[in-house]
Amino acid sequence: MNDKPKPQIVRLDDLERRGRFIPLREHLGIHSFGINAIKTDEDGLLINEHDEAGGQEEVYVVLDGNATFEVDGETFEAPAGTFISVRPESKRKATGDATVLALGGTVGEAYQGMDWGDAWPFHNESMDAYGEQRYADAVDAVRRGLEKQPDHPGLNYNYACFATLAGETGDETFERLRRSVDLFPPFRDQARADDDLAAVRDDPRFEEALR
């Protein structure tokens, strides 16, 4: 018998879309590197402004359409066929009418993927609120997600971030941070560089949660 797994052949248009994102890595079951597709939302946003200060290098490939990227204040056009390599510490964002493939990994570390699965609706709602600086609403969305999936690492981590931004710095915030690190160790280094947690970084409970 031939027990070799068959290759998976998919088309982006046939895959589930989660807001701007098409969870390509999750759909294909890839855990050795990060890969996802991003499409423009109704406001023309492709990639929200962020950095990967935790250490992840990223490459963006414009598959179709035209995108406008801004990296560390420099703006440039990126038509289909453009590859953009971005250092972890660089601020980046993109707009336009395009489909972008995002690939990422951290130098010197084995990639660890985290699937959102059924937690996605709560994550998506919380991120919308986070983007609009409605931090209490973001916490509420994550809390409802945790009622259904208490051991999801991303929900636990985001609870700690959003609660800190909302001024909720009780023990539960640090317990959620500790739980996120237990479930997904890469969060340990990410937390130490995450601006969302800056207000509690000098609290002794912060480092205790990361042990």
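Ile38 is found in strand β2, residues 34–39, where strands (E, at least two residues) and helices (H or I, at least four) are DSSP runs numbered from the N terminus. The structure is a predicted model, in which local features need pLDDT of at least 70 and side-chain atom pairs count only at pLDDT 80 or more, while totals for chains, interfaces and linings use all residues. Residues are numbered from 1 along each chain as its sequence is written, and side-chain values use heavy atoms, with hydrogens and water left out.

With a relative accessible area of 6%, Ile38 is buried; here buried means under 20% relative accessible area, exposed over 50%, and partly exposed in between (1.4 Å probe, protein chains only). Which residues does Ile38 touch, not counting those up to four places away in sequence? They are Arg20, Phe21, Leu46, Ile47, Ala98, Thr99, Val100 and Ala102, a contact being heavy atoms within 4.5 Å. Ile38 and Trp120 are 82 residues apart in sequence, and their C-alpha atoms are 15 Å apart in space.

Strand β4 (residues 56–71) holds Asp64, which is partly exposed at a relative accessible area of 36%. Beyond four places in sequence, Asp64 touches Ala80, Asp97, Ala98 and Thr99. Between the C-alpha atoms of Asp64 and Gly108, which are 44 residues apart along the chain, the separation is 32 Å.

Most residues other than glycine have a negative phi. Asp72, although not a glycine, has a positive phi of about 50°. Asp72 sits in the loop between β4 and β5 (74–79) and is exposed, with a relative accessible area of 52%. Gln133, likewise a residue other than glycine, has a positive phi near 60°. The loop between α2 and α3 is the place of Gln133, and this residue is exposed as well, at a relative accessible area of 58%.

The largest nonpolar core has 27 residues, of which Tyr157, Leu177, Ala191, Leu197 and Phe206 touch the most other members. A nonpolar core is a set of buried Ala, Val, Leu, Ile, Met, Phe, Trp, Tyr and Cys residues joined through side-chain atoms within 4.5 Å. At least two residues of this core come from each of α2 (120–131), α3 (135–148), α4 (153–165), α5 (171–183), α6 (187–193) and α7 (204–209). The largest share, seven residues, is that of α4. Tyr157 is in contact with Arg176, Leu177, Ser180, Phe187, Gln190, Ala191, Asp194 and Leu197, leaving aside its neighbours within four places in sequence. Apart from this core lies another, of 15 residues, with Ile38, Val62, Val71 and Val86 among them.

How are the helices arranged against one another? The axes of α2 and α3 are 7 Å apart, and the two helices pack at an angle of about 170°; axes are lines fitted to C-alpha atoms, for helices over the stretch in contact, and angles run from 0 to 180 degrees between N-to-C directions. On the α2 side, the contact is made by Phe122, Glu125, Ser126, Ala129 and Tyr130, and on the α3 side by Tyr135, Asp137, Ala138, Ala141, Val142, Arg144, Gly145 and Lys148. By class, the contact of α2 with α3 has seven nonpolar, two polar and four charged residues. In this scheme Ala, Val, Leu, Ile, Met, Phe, Trp, Tyr, Cys and Pro count as nonpolar, Asp, Glu, Lys and Arg as charged, and the others, Gly among them, as polar.

For α3 and α4, the packing angle is about 155° and the axes are 8 Å apart, which makes α3 roughly antiparallel to α4. Residues of α3 including Tyr135, Val139 and Leu146 meet residues of α4 including Leu155, Tyr159 and Phe162. The contact of α3 with α4 divides into 10 nonpolar residues, three polar and one charged.

The axes of α4 and α5 come within 8 Å and cross at roughly 150°, so α4 and α5 are roughly antiparallel to each other. Among the residues that meet are Tyr157 and Ala160 in α4, and Arg176, Leu177 and Ser180 in α5. Seven nonpolar, four polar and three charged residues make up the contact of α4 with α5.

How values were computed. Angles under 35 degrees count as roughly parallel, over 145 as roughly antiparallel, 65 to 115 as roughly perpendicular and the rest as oblique.
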